[in-house]
Amino acid sequence: MQSMESTRSTRSLSFPDKVLHRVFTHLTSNEDRNSVSLVCKTWYNADRLSRSKVSIRNCYSVSPEILVRRFPNVRCVTLKGKPRFSDFNLVPPDWGADVHAWLVAFADKYPLLEELSLKRMVVSDESLEFLAFSFPDFKRLSLLSCDGFTTDGLEAIASYCKNLTEFDIQENGVEDTSGSWLSYFLESFTSLEVLNFANLSSEVDFDALERLVSRCKSLKVLKVNRSVSLEQLQKLLVLAPQLVELGTGSFSQEFSAHQFVDLESCFSSCKNIQSLSGLCDATARYLPAIYPACANLTFLNLSYSAMGSDELDELLMHCPCLQRLWVLDTVGDKGLEAVGSNCPLLEELRVFPSDPFDDDTIQGVTEAGFLAVSFGCPRLHYVLYFCQQMTNAAVATIVQNCPDFTHFRLCIMNPRQPDYLTNEPMDEAFGAVVKTCTKLQRLSVSGLLTDLAFEYIGKHAKNLEVLSIAFAGSSDRGMQCVMEGCPKIRKLEIRDCLFGDAALLSGLDKYESMRSLWMSSCNLTMDGCRLLAKKMPRLNVEVIQEDESDDSEADKVYVYRTVAGPRKDSPPSVFTL
Amino acid sequence: MGTTSVATELRLGLPGTDDHQMEEQALSSVRNNKRPSPDTVDDCGVQGKSEEVTPVAKAQIVGWPPIRSYRKNNLQQKKSESDIGAGIFVKVSMDGAPYLRKIDLKLYNGYSELLKALENMFKFTIGEYSEREGYKGSEFAPTYEDKDGDWMLVGDVPWDMFISSCKRLRIMKGSEARGLTSCGL
């Protein structure tokens, strides 16, 4: 027996590299890849030479030099930069995360680069031009929540990336100087499969768009911006009935029955649509035109369309396969009742506020709407819900109905608001969530919360990876419970809580296994941060000091693990301790 | 808070508020607490509401609620555009009530349905309407602000004209209401 075992182990050591590489190419998840690289030196090398996709979720955790040295054959890169709270204006605009240095390193070591996905990075027009010139094989570009570029940069991509298949520009801070970038695609260019410019504001050259759609026969995803009218949309649909994902522009115009019939027949020929978005200003008159295309719809994004409850009800009756739904709270609780009645397969629901800064109007959705959805949609596992009022009892019932939540993001918009019926803190609500939803990975809490809520989280949320906290907690103990209790915590973002240095230091053992920690407007001091930096040299402890407030206080603190050391591109307002 | 100087102003809205200003104010600036001070509230239609909700200094907080800038800008853009959307949402205020409501005028087929809905919402009764005398038999009168910024009595114009020109509703109370009804608009 033993001799057989030892033969077996020697055999695996002399496995030809090529075979190992081949086996590893079937490992697609980065987690698996990271695990195999730890087995032994041979496997580490096999992984590093065969890895073609890397995902760097914090661009400062590693340097371009380290990356290209370890993985020489990469073709696809994902880079994420700024802390998430930069989306809400909490991070100074010059904070960093400029992609250029990465592009320079890639141009040198990854000339065959095909794919680049950037999130919350700063991208200049020069960088886009550099990208267009440096990578002849470049195929897929995705920019999400980035800033620093204008439509001029897009012109360069359109002009020079001859093999481009995906061009996805989403929710970025783009300076939109003109819509002429579309006309820069060459007449010989036909490879486009994904085109998303839904969030650009200027009028595009429609003729150029029409010609582009007409010659790109493999186009699967088309999301246009508001400047594209209903009439123009029709022309595009006739040219591309094979679309799988469609984002419309403006969905209203002077009504004519003839126009409606034409539009409806256009949608009838679109048999493959699985995802629909846009529908800006959709009126009750034209909305029914899309019903014929909804039979296979799995994702419906109405978050840019102020729809009422009746329109939504009728629309949903035509979407039997719906799995993901995004709406504005104009649909009201009544609209959400319609969701509960019509969407038994629903897995994800996001309800965005239509009027978030107006809090003396009773409007939007309440706990009633959420309850109605939970009764009708037992498969619900992802929710993002903005509301003005909530109760502990409602949340407890909701999670009883839907125990499989993986992502529970509840935003009661008035900070520190208690249960509006009992006037108690919302501790029991989130207690119910973590006790019942054992698969919970991401949690955003809100409302009036004491340390008890965090005791519950620390005790029960054993799979929690991402936690967002605002205006909550009664003492340092709250944060301590989380740091000591949640073994899988990766990202922690905290704002406006009274957690102080003791709370910060309670996580000493955890920070190296986490991606990052953000704390702003809490009770941290520079001394506390310095102590953390001293004890944990492999963390970057950054303090953002924007105004001339008290020098001893640390208003915004960002802590992350890194193998690249303190960064060299910090602006004057950021100090790495 | 400055409510003393503002309370004496002739304004159509809650004390200490100015809706248009709210929308334009920079995110980081502080705004007044919207709750009306006790001496300006005669008869709070919503029982004890001001005690129930936890008093939080309602500063216009940076980055709250947490919505991406792109989406926020989009919402503000929509508000300034004319509403040709599926619903015609207008705000309704009632003198003495601390919170406004929002209703969709498209849901109603005419004035009687609208007025019934308002009576239910704010728990009051509107008097009998006559073209000559306005609303009699109650201390309340429903009014609306039209496209030109004028305040009119609800019911004076045909329904279709009303819903296309109505920007907001206000249920006036007391002498102001009587003044409007008797001035023969």
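This is a predicted model: local features need pLDDT of at least 70, side-chain atom pairs count only at pLDDT 80 or more; totals for chains, interfaces and linings use all residues.
1. If you want one residue pair to click on, take Ile362(A), whose bridge partner in β2(B) is Arg101(B).

2. That pairing belongs to a mixed, open sheet of six strands, and the order reads β15(A)-β2(B)-β1(B)-β7(B)-β5(B)-β6(B). At the edges sit β15 of chain A and β6 (151-153) of chain B, each of them pairing on one side only. Further along, β5 (residues 140-145) and β7 (residues 168-173) of chain B run antiparallel and are joined by six bridges. Ala141(B) is one residue to look at there: its bridge partner in β7(B) is Met172(B). As a reminder, strands of a sheet pair through backbone hydrogen bonds, either parallel or antiparallel.

3. Now the interface as a whole. Chain A and chain B bury about 4,300 Å² between them, with 52% of that on carbon and sulfur atoms. On chain A's side, Phe357(A), Asp360(A) and Ile362(A) supply 18% of the area buried against chain B, more than any other three residues. Ile362(A) is also the residue bridged to Arg101(B) in point 1. The contact takes 52 residues from chain A and 41 residues from chain B.

4. What about polar links across the interface? There are nine residue pairs in polar contact, both residues at pLDDT 80 or more. On chain A, the elements giving two or more residues to the side that touches chain B are α12 (309-316), β13 (324-328), β15 (361-362) and β17 (407-412). Sorted by class, that side of chain A has 24 nonpolar, 14 polar and 14 charged residues.

5. Two salt bridges are counted between chain A and chain B. One of them is Lys102(B) with Asp355(A), where the closest N and O atoms are 3.0 Å apart. Asp355(A) counts as buried at 10% relative accessibility, while Lys102(B) is partly exposed at 25%.

6. Is Ser354(A) buried or exposed? Its relative accessible area is 16%, and the cut-off for buried is under 20%, so Ser354(A) is buried. The side chain of Ser354(A) makes a polar contact with the side chain of Asp329(A) at 2.7 Å. Leaving out residues up to four places away in sequence, Ser354(A) touches Leu328(A), Asp329(A), Thr330(A), Gln363(A) and, from the other chain, Leu75(B).

7. Over all chains the salt-bridge count comes to 30. Within chain A, Asp87(A) and Arg120(A) form one with the closest N and O atoms 2.9 Å apart. Asp87(A) lies in the loop between β2 (76-80) and α6 (100-109) and Arg120(A) in the loop between β3 (115-119) and α7 (125-134), so the pair ties together parts 33 residues apart in sequence. Both ends are buried: Asp87(A) has a relative accessible area of 6% and Arg120(A) has 7%.

8. Chain B has a salt bridge between the side chains of Asp95(B) and Arg170(B), at 2.8 Å from N to O. The two lie 75 residues apart, with Asp95(B) in the loop between β1 (89-94) and β2 and Arg170(B) in strand β7. Arg170(B) is buried, at 4% relative accessible area.

How values were computed:
Residues are numbered from 1 along each chain as its sequence is written. Chains are lettered from A and ligands numbered from 1 in the order in which they are written. Side-chain values use heavy atoms; hydrogens and water are left out. Contact means heavy atoms within 4.5 Å. Buried area is the accessible area (1.4 Å probe) that two parts lose on being put together, summed over both. A salt bridge is a side-chain nitrogen of Lys or Arg within 4 Å of a carboxyl oxygen of Asp or Glu. A polar contact is a pair of N or O atoms within 3.5 Å; within protein, one must be able to donate a hydrogen and the other to accept it, and residues adjacent in sequence count only if both atoms are side-chain atoms. Helices (H or I, at least four residues) and strands (E, at least two) are DSSP runs, numbered from the N terminus. Ala, Val, Leu, Ile, Met, Phe, Trp, Tyr, Cys and Pro count as nonpolar, Asp, Glu, Lys and Arg as charged, and the others, Gly among them, as polar. Two strands pair if DSSP finds at least two bridges between them. Buried means under 20% relative accessible area, exposed over 50%, partly exposed in between (1.4 Å probe, protein chains only).
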